[in-house]
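Me: Please take a close look at one part of this model and tell me how it is built. Give the cut-off behind each term you use.

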Amino acid sequence: MRYKFLSVCAALAAVTACSDFAGVNDNPNGPTDVPPPSILPSVIQNLVGTVNGVTSLNIRGGGLWSQYYSEIQYRDEDKFIVRSGTSGGWGLFNSVVEDAQRMIVKGEESNAANWRAVGRVMKSYAYSVMTDAMGDLPYTDALKGDTLLHPTYDTQQTIYDSLFANLTTANSEIDLSGGAVGFSGTSDLVYHGNMAFWGKLSNSLRLRLAIHLSNVDPTKAASEAAAAVAGGLISADSESAKLTYLSSSPNRNPIYNDARSRDDYGMSKTFVDSLTSWADPRLPVFAQINKDTIVANRTYQGLPNGLNDGEGPALFYISRIGARWRETAAARMDLLSYSEVLFLEAEAAERGWITGNAAQLYQNAITASMAMYGVSPAATTTYLAQPKVAYDAAGATQAGHLQQIAYQKWVSMFMQGMEAWTEVRRTRVPLLTPGPRAVFGAGVPGVIPERLPYDDNELVLNANNVIAAVAAQGFAASNDIQHPLWFTGR
Amino acid sequence: MADNRWFFRSLVTLGLVLFGLPVVANAQTTVSGQVKTSVGGTPLVGVLVSAPALKVSATTDNGGNYSLTLPAGTTGNVTLKAQRIGYQTGSVQIAVSGAAVQQDITLEEGAIELQQVVVTALGIEREQRTLPYAAQSLSGDRLTDVPTTNVVSALQGNVAGVQVTNSANPFGSARIVVRGASSILGQNQPLIIVDGIPIDNSAASNTGYGSGSLGGYDVGNAAADISGDNIASVTVLKGPNAAALYGARAANGAIVYTTKNGKGAPNTGFGVTASFGATTETPLRLPQYQNRYGQGFYGEFNFVDGNFGGKNDGADESWGPLMDGRTAGCVYHTLPNGDPDYAAGYDQSKPCNQFFGVGPWAAHPNNVRDFWQTGMMINANIAVARSSDRSHVRLSVGRTNESGMYPDNTNNRTDIALSGGTQVSNHWSAEASVNYINDGMKNQPAQAYEEIDPMQGFIWFGRQVDTKLLKQNLYRDPNDPFTQQILIGNPNMRTDAPIPYSWNYSYHPSPYWMASVKTTDYARNRGLGHASVTYKVNDWLSVTGRMGRDWYQNQFRANYPVNNISPFYQGGLIDVGETRSETNSDFLITAERQLSSDLKLTIDGGGNQRKNDFNTNIGQVNELVIPGVYTLANSNGQPSTSLLISHKRVNSLYGSASFNYKDWLNVDVTGRNDWSSTLPENANSLFYPSIGAAFIFTDALGLQTSWLSYGKIRASWTRVGNDTDPYQLSAVYGAGTPWAGSPSFTAPDRLPNSFLKPEETTGEEIGADLGFLHDKLILNATVYQKNTTNQILPVSISGATGYTSAVVNSGEVQNRGFELAANITPVEKPDFRWNVIVNWAKNSNKVLSLYGGVQRIVVGSYWNVNVTADSGQPYGNLVGYKWARDNAGHILVDSTGLPMQDATQTVLGNYNPDWVGGITNSFSYKRFNLSFSFDGQMGGQVYSVTKWFGQYSGVLSNTLAGRETDWNSPGYIVPNAIYGNGPLSGQADTSHVLAQDYWHNTFYAQEPGIFDATYFKLRELRLAYTLPANVSHFIGFSDAVVAVVGRNLLLFANQNQIDPETAFDTGNRQGVENGQLPTARSIGITMSVRP
């Protein structure tokens, strides 16, 4: 027993034994590898939660600047002051894009076509949101951390080309027979394993991106739009790409979660007044009536954008975001809905890029939106019958039609603030006016932020490349939010 | 639990020791006597009395008595040496002629010793005079004279080069750094050793945002568990040179505690030593609040539902109407569009509604001070000990109870220590100890950007709020109409649970509600022990085998009631269970040979195997189904749970050789090889050498004079390491949010490194120890430099790589500094002694390079300020936004007169002080002893979010600027400012901006949150009286002392808002403050007796 004390490694006289630690440093706290079906739920939740969530993108970014919402406290972004640390979704790189890329790589290694295809669609979706928000981004050099720590930036045009190619590949490689290498109902939170729908999402996203290029490259836009439509689009609301959240924690929708502990966002006066003047039956879905102390006076009222804290009506006069999201944990949040696809088709048809009846598609798009929000067919009919809603009301010009499509799309895209903002920047419909305290463009119609900043850290971690990208695009700085992006054509 | 066998092994060993107690009697010449202090004549326990030439020694008992048995036949002159830490070594010559000799010895005090024995690395005892590096020792008394609950805190100001940052909470943690931070993102605190065994000193992380491993609560650093009453001495091995034998853990120095044992205790009966202390606690400092304007915005306030249902009644800021006692007219008349009509004035027809109804709109200047109670700390320790000439045993029991300043907060610690040793035969000896510690903390306040921190709640506050009303009314009557109104405005509130009474329902539960209904419970159970056996082969060679283990379990629970507002408005709980252990098995062979009459060689060689194991379980419920039932099963939705495990092994071989020539030249060489499980298999072996020399030139060259009594110079060089954590070499997938109970995974964000090496620190130091005027003035001075390279950095990388960070070996940090310790005895008379101890150190720190041309690494962030390592600059910069300025230094304001944010972030300050120091004066007059210590730091900055947001919210006194007359009058003109844009660009700013607009605008720059962190504290004060011997004998003791003591009595600083000695945790993100809990100012009495 007493010699036991001496029986440490040296006493064994085998110095090599001192360096033998078999297995001690194997990390027991997580898997070293997992198959794509275990990655996809995280990719979907992160993508929907980030793009349509509360901070920086939807509520505090694109949707705020599209004047759906207003900041009722801490009104910085409402005045176009972007808090430090804000970016146009840079975090998607490691939360979604890298994970989707691993799905693609694992799909290649395992010859599992559907793993690859779904990975490509998710990666393309995330990239499209990021480039529409920020401009040029690392693409070719991206996701190569093992070998390349300072990725160069590709132009937005190159990224769009890559995304079109990616989506084309995704659609072509989908294996409808699925089988063992597909996704189960529990791993695929969007389509529950229905690969045909993934193909439709792939084409519909391609159509969305094609339409984005209407100002800058109509030829490319036309050909991509036609190809997308030929591939087969989302053709019913049941095929809409969406995540329906659950009633219990931790799978509740982010708007609901935020409203349990904070009360920072109300409805924008711009949006509420517009819907009121159009007698839009979706207003009670999008907004809640205010809490006027005189109950009989309660109504829908928005707060003007771009005021100082404490300015404007007291907050109990301000409507909050609709109960559909704010008070309902198990809300659905959309990545790409059937109604949007119809609007995209309407625009493509109106422009003559595809065959189809633009008027009918326009009317169908509004109807689909109404249905999605539970508006009755009768109320929908009444709305459609209004002269200014009717397709020819603004005059039979293409410009007038496009304006109608764009306005209706803006209304229908509520709670998908990033895409709405992209479309507002492309079409300038509606022509939004910054609030009186905005740090630029106050009171000037059409002057809203044109982009969100790059990640602050890029200036430290990848300085040369971000500085080159900033210069190439003519930005004043990496956090310049006034300079229009390439896709806008301005 | 196989891993607990060590405990039983220790017990068995201890049992053998206790019941073995062999007593061997010899009839030879004995020398006996008493050892006393030179002033006051107090008997000294634990003094080692030896006759070096005869190789015999003994230790004094609790009465200060010793008895030495000389070898038979000894005659002639014999030199006796008496050594004790804290005292200068005494030496007397006696004449031996066969008869028993009676010889008393007196020792002089001196905390910095030239001749004393110190415990160095691996528990090797060395004479201070032979050491080639700086090491400073303190006796255990210094740690307990003025009671503190943290033995690390007690080093503050007492050791040159040591910087301690205490938390405000007496049971909270203390960060200790010796000679500056050298690791950018790794460990910068020294290794803590107790009786030769490394112990864990980790502390719960607190991010300051209510998260971190314990959600904002500070339960203390683990080394605080060691009771000061059990410490015989502590040695600070200041640099890597002194700690070189610890190899991969030596870079930050080591703190070596030696615990008390039964040596020298009476050999009949049991000697009882006891101490008792009782102190009261009150806040040392609270922020300076303004008392002129109440809750609201732009001069208006009217309470309806506390959630913006009324006029600004959801506001948690104080920009409301002037608190002039009005009962009506707190809102303006309105214009037709609803905007206030300032011209028409306040609407006197409307009463001033507050959270309790209508009442005078008046200040409650003490509403924060009133919240804090007078705390009380009681500590008691009793120890019994017995010894024979071959065996000894000591049992000690200690208990500390604190009822804190925070309502319902109670903390306690129980400590039981048992130690013993025996000389089994001429060859075999053994010793063992077991120490069990239990900490319990109930209802601690937290420090975080959350409502769980009351001081954070008082930053966002209405200055008119009468906290007494909140105290008297914890719950609202659910049926009263006022409550119904609140429920309408707060639809998230649940009516199936008690409805809290508060002044604001948008963000703030009442602080009393938080204190009494939100409950936390923390317990730490710890077992520390070691056993060793020594075999003495012959008179120059011995072998020791030793095993030690430090094991503890943390259990933390926080319950959040339903309707808590924030966090967990629907109620919730956090439960953390954590087990940590470190087990060390080692052996040491010691050989000591006189090679010639002038040259002595001491060789130590050994090996060690170390195992670190860690396991934590966390369960969290974010929403309770049934109010008041705090179980994981009562979770609405899936509770979040996590499990984390970590294992590490390190094997080592080491050795040292010490050559001593004529007792005036000492040369030391050490080497250690570590093999670590955390490093790549083919490259996990690392060698750490050191070499040093000490030269006593006064002895060698015969230079002793009456003014220079002693002089030594020393120099050493070493290369040591700094550990890395397990699992850095490869990555695993992280857990994504599970969906409907099914798991999901996400790719790792940290790029691993399969070629990792440990950090490497090269240290050089030279120093001198000088004694002047018969050692009335003793100076120790050291100049050092240490360079740390191969820093292990989880550096941030562009997210576009697919990762957010990568682990690399890169970067170099240099620390250079100068330490000075002085011990001065200006007066020494039989009845009066005045002693001054000064410790002073200046460390200059520079980040020489970072990874691959990177200019900045962010160590941590807090509220828009980054704590950074910037290449070419000192470590610990505070980086944020300043106001834009022109070249002449004018602040640039926009056309409305508000300062504009600078284009880029700049360095606002640095958290490291220019120097740190402490001074202790002690006066002994007959039976009285008065001592007091000041310590503090010069320079350094702190980013105070209390200041930054306290200005934003209008609660601090300086926000009266701009509203001296009324809330909107006269307005604020930014001093020394020019317009930076608009038509007036370049002209002097003359715009009056509303105070609220001005201070709200400070959100865009962190410059207005920076404070100078210079401070000095009257840290300790003690006035002690030793009872006359006849009185103490009458009550049964040889020695009894009563004292009045105080701690943290006075604070001197360059600002009046916070205590600059502040930290969230013991990590490297220092220099940031938010909602600081008040530092406890303690005043009380202590009593102690010795047998």
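Reply: C330(B) and C352(B) are both buried, that is, under 20% relative accessible area, where over 50% is exposed and anything in between partly exposed (1.4 Å probe, protein chains only). The model is predicted, so local features need pLDDT of at least 70 and side-chain atom pairs count only at pLDDT 80 or more, while totals for chains, interfaces and linings use all residues. Residues are numbered from 1 along each chain as its sequence is written, chains are lettered from A and ligands numbered from 1 in the order in which they are written, and side-chain values use heavy atoms, leaving out hydrogens and water.

The sulfur atoms of C330(B) and C352(B) are 2.0 Å apart and form a disulfide, a term for a pair of cysteine sulfur atoms within 2.5 Å. By this rule there is 1 disulfide over all chains. Both C330(B) and C352(B) lie in the loop between β18 (271-283) and β19 (353-354) of chain B, so the bond ties together parts that are 22 residues apart in sequence. Strands here are DSSP runs of E, at least two residues, and helices runs of H or I, at least four, numbered from the N terminus. The torsion about the S-S bond of C330(B) and C352(B) is about 90 degrees, so the disulfide is right-handed.

Elsewhere, in chain A, helix α18 (residues 463-473) has the buried residues N465(A), V466(A), A469(A), V470(A) and Q473(A). The face of α18(A) turned away from its buried side carries the exposed N464(A), A471(A) and A472(A). Just after α18(A), G474(A) has a positive phi of about 80 degrees.
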